Each structure stands twice: as C-alpha cells, then as structure tokens.
Amino acid sequence: MANILSSTNSALVAAQQGLATTAHNIANARTEGYHRQIVLQAAVSGQNEGGGFIGKGTEVISVQRVYNEYLGSQLRTVQTSQGQLDAHYTQASRINNMLADPNSGLSPVLQDFFQSVQNLAANPDARGSMLAASQSMASRFQSMDGQLRELRVAVNSEISTTITAINSYAEQIADLNEAISKAQSGSGQMPNDLLDQRDHLVGELSKLTKVTVSKDGNNYGIFIGNGQPMVVGSTVSQLAPATSPTDLSEVEVGLVTSKGTVRLSESSLQGGKLGGLFEFRSTTLTDAQNQLGRIAIGLATTFNDQHKLGKDRTGAMGGDFFNMAKPLSIHSNLNAGTADVDADITDVSALKASDYKINFDGSNYAITRLSDNTLVSTSSPAALAAGVTVDGVKITLGAGTTVAGDQYIVKPTINAAAGFKVLVSDLNNIASAAPIATTSPTTNTGTATLSAGTVDKNFTTAMVATPKTLVYNATTGTLNAPSATGFPFDVKVTDINGNSTIYAPGTAVPYTSGATITFGASLPGPPPDVGGISLQISGAPGNGDQFVVKANSSTSGDNRNMVLLGNLQTAVTLVNGTTTYQGALSQMVSMVGNKTHELQVGTDAQTNLVTQLKEAQDADSGVNLDEEGANLLRYQQAYVAAGKVMQAVKEMFDTLVRLGQG
C-alpha cells in the first residue's frame, strides 16, 4: 500500500512540474531570447517483491532548455555582418541623399557659375551676376563640406555610444556568469532562464562588434574583434573613447588598464555596428570629402591660373579669384622627434582623392597612399628634406629631430571645400581682358592675317613692355626682327601637325602659314622649351609686311580672357587629364551611389539570413503554442489519473479499516 502511495505521489509531482514548465513556456512565448524548456523524467528503480521487480514511480531528473549551440553561433556571426553593413549603409545613405538632391547638390551651381562666365564673355556688363554666381558656388562647396563634417561628428558620437553599450553588455554577461555558477553549484541544476538571458546578451553584443565565445565550464569567455578579451569569468575589461593621435577630432577605442588607456587599432575591431562606423568613416566619408576637396582645388587652381593671365579694368594683371586651402599636415602626438612635415600641391591634374601616411623606420620614410593602402615612395631623410612629390603633392620634411616610429599624416584635399572662397570683391578686378594686343599696319601689302594671340603661365608684362614686331622677308621666306638680325630670344614654331622646332636668338624663322609662333621665355628642359606669347600668321604676307605684338592698353570691352575661363568648363583638367570638373563630380556621385547600393544589397542579404536563422532557431527551440497546449492536456490527464489512483488507494485503505473494526 505504501509503495502505491509513493508511486502515485511521484506521478502527481511529475505532472505538477510538467504543468508548471508548460505554463512557463506559454508565458514566455513572446519573450525575446527565450528557449522552450522540457521536463526530463526517469523511472525510479524497482524492488524485487518476490513476484518480480515492482516499480516505485517516477522522478524529474531536470528541466532542460532546448538550445542549439550551432544555430546560436551562426546567428551571432550573421548578426555581426548585418550590424556592420547596416551601420555603414545608414551613414552612406545620408551622403547619397545629399549629393542626389538637385537643390542642395553641387552640379546646379557649378553649371550656373560657368553660364555666368560665358554670359560675361558675351556681355561686359554682366560682371555682377558672374560675381554673385561665384559666391553661390563657394557657399555650396562650404555647405556640402559642412554637412560632411557634421556627419563625422555624429559618427564619433555614435562610436562613443556604442563603446558604452559594449561595456554594459560585458558587465551584464559577467554578472550572469557569476550568478549561473552560484546557482549551478548550489542545486546541481542549470538555471535555464539565466542561460537564456546570457545568450541573448551575447547576441545583442554581436550586433555591435565581432564576438567569439569560449566556454570554460558554465562560464562564457567573451572576446571581441580580433581576440581582445572582454569577459573572463566575472572579470570585465573596460573600453573607453580615445582620441586619435593623428587627428584630435576623431574618436577611437581604448582599452582601460591599470597603466592607462591603450589604443586599439580600428582593424582589430572588425564587425558589428562599431566596425561599420569605422569602415564608413575611413572609406566612404573620407573619400567623399577628399573628392569634393579635389574638385574645389582643381577648380580654384586652374581658374586662378587663367585669371592671372588676364587684365582687369584697372589695367592690372589679374590675381587669384578663389582661395585655395593648403594641404593639412599632422604629426602624431606619439612622435618622439620634433620634426614636422609640410605639403604643397604642385599638379592638380595628378592629384588623387586620398590621404597619405608617412612612417619613419629609423632609416627611411615610407609614404603610403591610404585610399588604396599603396606604398608610393620610400625616401631617405635627405630626400624628404629636399621634397618628395607623390600624386601631385610635394611633401617636405622640416627641421628638427626624427626618431624611429615617428608618424605623420598628410591630407591634401580635406580642407579644400571648406576653404573655397571668392577673393575678388571689386567688379573692376575681374580680369576679363587679354594682356596683349596684336596689330598689322595698314601699309602691309600681303593678304596674311594675324591672330589675337594668347599667353601662357610663363608670360610676364615685361615681354611686351616694348612692342615686338615680326617682319616678313619674301626673299628668304622668313620672319625677322626689324633690324633683320633675327629675334633677340628663342622662338618655337609649331606646324598644324603639332611638330615643333626651336630657333636660337638671332636666327631668322622660316614662315609657314597657320603655324603657331611662340616666344618670350626660354624654358629649361629636357627637352628645352619656349613659352610666354603665342600667335598665328595665316595667308600670304608681302615683303616687309609687319606683325606687331604689344601690351593691351584698352581693356574695355575685351573679354578674350573670360572666353578662355569659360572654356575651362569642358577642359579635362583633373584625374591625370582625363576628366572635367563635372566629370569628377559625376565620379564622386557615382562612387557614393554605387557604394550605397552595394551596401543596401548586402544588408538585405544579411537581413534575410538573420531571418532564416531565427526561423530555424524558433523551429528548433522556440515555443509552439499548439505543442504546449497538447502538453497541458497530457500533463492534466496524467495528474487526473494519478489522482484517481490516489482515490482508489484511499478507498482500499478505508475498506481495510472497516474490516479491522468488524
């Protein structure tokens, strides 16, 4: 009788625990990170009662959670990739939207500016509208750069916030490690709900950075990035925002130690939101800012160069029309030496949208282009002190000491858009006119015509301080100076096929109709060249016909230089002479657009993978309410059946009592 009561009681207890577990599953069906639990039962060993072994009921061995560690690990990996792509995509979309906006983009004001230049070339009274269009374009450069800088500040803030969240998750995981160890050591059973909470926190941490889990008994060791220990048992490492030694405006990640905060490289913290923010800042954002700066530098430099070859209304040669920001050179705060580097742009055509890192190994300086991580120069201290030119940027080592390990960063274009300003404020200082004038006396007998002439960067006003006269000698078919002793300077003649010949001073120059005649300054080689003033004489000159080049003394109504400034719109002046300003802008817009689309596709793909893995995990260990409903019925029936057995035992006991009383 006692055995029956004991077995029945164990059945009631097992049914109660089954009902309680099922109710717990139902209550947490929508709890994030919860995994269903099941009751594991086993029969209690029987005892030989003479007629065989009679069972003693059942016992609940444990309440076990259903959890697939492989799926959990796979989900963390995919969430890390999704977090990185999503963070990068979210930020890149902001740049893409800014560039695509027809009202706030650069393309409309760039076109308006050159339209105003062309209008001024046609109408000398349109100086005011040209200057206004210049101001609008400068304001747009500054505005776009300002938005990119604000985005950089916002990214720095998000990096700091993400670091705080990583620390919080790490502390909670460490606390759960300790709680799980205590609970398990006290009861011998695993605290399933605490395990779920810990796995959920690890999953949330994996969205922020790459997470590797190492199991040590019931404890989790958490390593982030490329192996930085974050949680070991109940011990937690702390991260903190750190200032970049080469850019005080950028936030990096530091590891807090007893000896201070140690910087962690961005490359060691891959994956998750943190990795995505770093990747966006160092690639898409920096590339966009540098490409915008390259357009600003290219436009300012080429426009200034041509503007300085013209004359303004006061008769003075033109000056710089736009301000061009100097490249930014930064020495690392960790440098032990005292030397700095300086940089100047020497060739805007060769300029790339990139920053440069300079490392000193104790013997040589290695210059690396950061946009593609390419080593572009290895120079001795003496060579760098004299100046080393890479990609149109001359980098020069200044005075002071240098120590192995010293590092510098050169950013040729980063400040260009912000520093793009109009320097001309007086309408009279717009250099529309050409500095030279050409003329032929009415006494010429031939039919030859003389072009208006052009000047190049080698021109100086001294070249036309006195008029230069070319006289045709029909007998020799040459051009000479009036004294017939030849020109007192080098002359270059370039035929219509582009073939050039240089004639020394004092040499008569053979005449070829339509050829370009260049003179004024002898340029060093190799090969030697000639520059300054160029003109063409076409047709059949008569003997003694004269062709005169002189200073332009009447600039009113002369817009020849403005025509040349307008031609810059379609000139291929950037990217090694392969594209225009508009073309470079289109490349920038395309780069950001393609990158944004690529990130969107990647984000969508990773989101689908996360969804699939969550569905697989839910199918394996999630709460199925239909299944739990069936379990409720099963445990209820088991409880009722055990109750009936208990009732039968009671009736049997009552019968025995009555028999004993009779």
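The following legends describe close-up views of a predicted model.

In this predicted model, local features need pLDDT of at least 70 and side-chain atom pairs count only at pLDDT 80 or more, whereas totals for chains, interfaces and linings use all residues. Residues are numbered from 1 along each chain as its sequence is written, and side-chain values use heavy atoms, with hydrogens and water left out.

View 1. Helix H2 covers residues 69-100, a run of 32 residues. Helices (H or I, at least four residues) and strands (E, at least two) are DSSP runs, numbered from the N terminus. From first to last C-alpha, H2 reaches 45 Å, close to the expected 46 Å; the expected span is 1.5 Å times one less than the number of residues. The N-terminal end of H2 is capped by Asn 68, which places a side-chain oxygen 3.0 Å from the backbone nitrogen of Tyr 70. A polar contact is a pair of N or O atoms within 3.5 Å; within protein, one must be able to donate a hydrogen and the other to accept it, and residues adjacent in sequence count only if both atoms are side-chain atoms.

**View 2. Packing of helices H4 and H5.** Helix H4 (residues 127-187) packs against helix H5 (residues 192-206) at an angle of about 160°, and their axes are 10 Å apart. Axes are lines fitted to C-alpha atoms, for helices over the stretch in contact, and angles run from 0 to 180 degrees between N-to-C directions. H4 and H5 are therefore roughly antiparallel to each other, a term for angles over 145 degrees. Residues in the contact (heavy atoms within 4.5 Å) include Ile 166, Tyr 169, Ile 173 and Leu 176 of H4, and Leu 194, Arg 198, Leu 201 and Leu 205 of H5.

**View 3. The open sheet from S13 to S17.** Five strands form this antiparallel open sheet, in the order S13-S20-S15-S16-S17. Two strands pair if DSSP finds at least two bridges between them. Strands S13 (328-331) and S17 (374-379) stand at the edges with a single partner strand each, so one side of each is left without a neighbour in the sheet. From one strand to the next, the twist averages 20°. Within the sheet, S15 (residues 356-360) and S20 (residues 407-411) run antiparallel and are joined by four bridges; Ile 358 has Tyr 408 in S20 as its bridge partner.

**View 4. The open sheet from S22 to S29.** This antiparallel open sheet has five strands in the order S22-S32-S25-S26-S29. Its edge strands, S22 (436-439) and S29 (509-510), each pair on one side only. Four antiparallel bridges link S22 with S32 (residues 546-551), and Thr 439 stands opposite Val 548 in S32.

**View 5. The hairpin of S27 and S28.** Strands S27 (residues 491-494) and S28 (residues 500-503) pair in the antiparallel sense over four bridges. Val 491 stands opposite Tyr 503 in S28. Five residues lie between the strands of this hairpin, in which Gly 498 takes a positive phi near 90°.

**View 6. Backbone geometry in two loops.** Most residues other than glycine have a negative phi, and most peptide bonds are trans. Asp 391, which is not a glycine, has a positive phi of about 50°; this residue is found in the loop between strands S18 (388-390) and S19 (393-397). The loop between strands S30 (516-523) and S31 (529-538) contains Pro 526, and Pro 527 also lies between S30 and S31. The peptide bond from Gly 525 to Pro 526 is cis, with omega near 0°, and a cis bond with omega of about -15° joins Pro 526 and Pro 527.

Conventions. Angles under 35 degrees count as roughly parallel, over 145 as roughly antiparallel, 65 to 115 as roughly perpendicular and the rest as oblique.
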